[in-house]
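Okay, everyone, thanks for coming.

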Amino acid sequence: MDNFEDENPFETDIDRVPSETSSTSKVNISAPSSPRHPARVLSPTSPTLSRPFPSSGTNRHPQTTYKSDFCCGRDQWLHSGEDLEILITDAQKTSLNSNTPYITYIIRAGNAEARHRYSEFESLRSSLVKLYPTIIIPPIPSKQTIGDYATKQAKAKEDAAMIARRKRMLQTFLNRIARHPILSNEHVFHRFLDGEVSWTEVLHSPPLSLLPKNTLKAPSHNPTDQSAASAYAALPNPSATHPLRNPDQRSVDSEIFTNKFANHLSGPMEKVTRRTLKRWSENAQDYSELGAALNGYSLNESGALAAAMEKTGQAVDTTYMSTTRLLQELEQNFSEPLHEYAQFAVIIKKLLSYRHQKHVQYEMTQDALENKREMLEEYEKSEREAKRLDEALSKGRVNGLRSPGSPAEGEEGQSQSQSQPQDEAEEPGSAYLPPHPGPNPYKRRAPGMGFLNALSYTLHGMMDVDPETARRSGISKTRETISQLEDALHLSAQDLKYSSSTIQADLDRFQRQKVADLREMTISMARIHRDWCKKNLEAWQAAKKEIEKIPDHPNKRPPSPEVRPVPGPSGLRRDSTATVNGR
């Protein structure tokens, strides 16, 4: 475990170098960082709340609220600087605007009240993931599994325990967003808390309607910005498993630490926690049955014995109730936060995968640009060779016309007029090559060969392209592609630098939040067990007093007097082994 903590690449001490500067030093990119969109340049504000989950994080440097421009009333309420909390007050079954009934959760944020179903929470989170691909978006409770539907069938959505669990975790989800220094400023989140706004309208209006299908081909700082869509369209779409030539070491360390963190949570910790809760639940059920049996048995007795049996049964009932309470508090304050952090580990993996794909995208764009530049050099080299050949052929024709063995002027005109068709047909330096003439119209065709001849003509027409025209067309297209790739490479470098710094900064913030939450979890576990022991101790001490009132049995033998050992010659007790050995 010590090595596990030593390999932690995230910042836990605020006095250390901030991640915005430390992480970008690992990225070997000379391009300046991409400027943020005005809608995304947000002031970090995070009011401290008193509830244990989610924890307010470290208290070493309390954050101050300095935001003055508010987009709406919900924004002003969230950044008022007071001890605020979003509550889910109730969960009701309704069929409003639907053919089938569903559960709607009533959200209270200040004086505003909104009603949303689970699928709308899910759409809010997916929208925030697309709007902020470089930020850790808090998780929501998992969907019902196939096993739940198989065991409970039609009642799976109406399970009271599942609804209560969703209420708690969805409330935690909203409060984590409200306390995030960036997400709390998002107007989409403010409209979600406003009960007077249609959520369907929000999903089909900007900025959500401007989101691209693939966030890898959009700016990392503002995916809704479409001003450079053509340049981003030239970027490749890499796989998450594509290897890197020059990986960033801090990102590699973050991936290794996150994998270990996920394996610890989803492996031993969650399994042992589930098994512990199951055994506590079985123990509580046994206490319930035992208490009922003792209370029933006390009715068959009388006197002090009946009172003692009844008091013992009451102590067992108290243990049952305190164990049930312990189960509830352990699930709320330890099991659910533990599962939430297992979900966080999966989210961080996806975030690091996005950064990895951005880095691969940058390297692939570099490779494509180098290939196109090499191709352009080949085209230009061919063009120079063709021009030099044309110049040589032109000089050859001129020298041939001016040779000393040429005929007289009169004969020259006649011979030139007679031999002109033949010279034109045999001239090797002609710069124009006529297209393929196709099949000879006077050639007699065999029956049934019309389709093959037409196909042959088409193929010859495709092959017999003027090489000079094709070469010049290739040069112009390659230059155009190189220009697009250069713009795309510049944007990719900006995105990579911005993604690396922003992801690492949010990972550092998450690490501080995780330390605070785990501290609250362990303190809660200790307090829960302390209260359980204290309550049971009081009940069993009262039972002990009643048990001591039972009189002794009349046939009980009186205690025998103590037998003192006979001292030996030396005044000491003889050893039994010496007696056996005859010494």
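Let's start with E385 and R388, which form a salt bridge with their closest N and O atoms 2.3 Å apart. Keep in mind that we're looking at a predicted model here. Both residues sit in helix α11, three residues apart, so about one turn of the helix. How exposed are they? E385 comes out at 37% relative accessibility, so we call it partly exposed. R388 is at 52%, and because the cut-off for exposed is over 50%, R388 counts as exposed.

Okay, on to another pair. E383 and R471 make a salt bridge too, at 2.7 Å from N to O. E383 is in helix α11 while R471 belongs to helix α14, residues 467-548, so this pair ties together parts that are 88 residues apart in sequence. Buried or exposed, these two, E383 and R471? Both are buried.

And then there's R168 with E336. Their closest N and O atoms are 2.4 Å apart, again a salt bridge. This one links distant parts of the chain: R168 is in helix α6, residues 160-178, and E336 is in helix α11, residues 303-401, which puts the partners 168 residues apart. R168 has 24% relative accessibility, so it's partly exposed. E336, at 7%, counts as buried, because the cut-off there is under 20%.

And how many salt bridges turn up in the whole structure? The search finds 21. Okay, over to you for questions.

Definitions and conventions: Residues are numbered from 1 along each chain as its sequence is written. This is a predicted model: local features need pLDDT of at least 70, side-chain atom pairs count only at pLDDT 80 or more; totals for chains, interfaces and linings use all residues. Side-chain values use heavy atoms; hydrogens and water are left out. A salt bridge is a side-chain nitrogen of Lys or Arg within 4 Å of a carboxyl oxygen of Asp or Glu. Helices (H or I, at least four residues) and strands (E, at least two) are DSSP runs, numbered from the N terminus. Buried means under 20% relative accessible area, exposed over 50%, partly exposed in between (1.4 Å probe, protein chains only).
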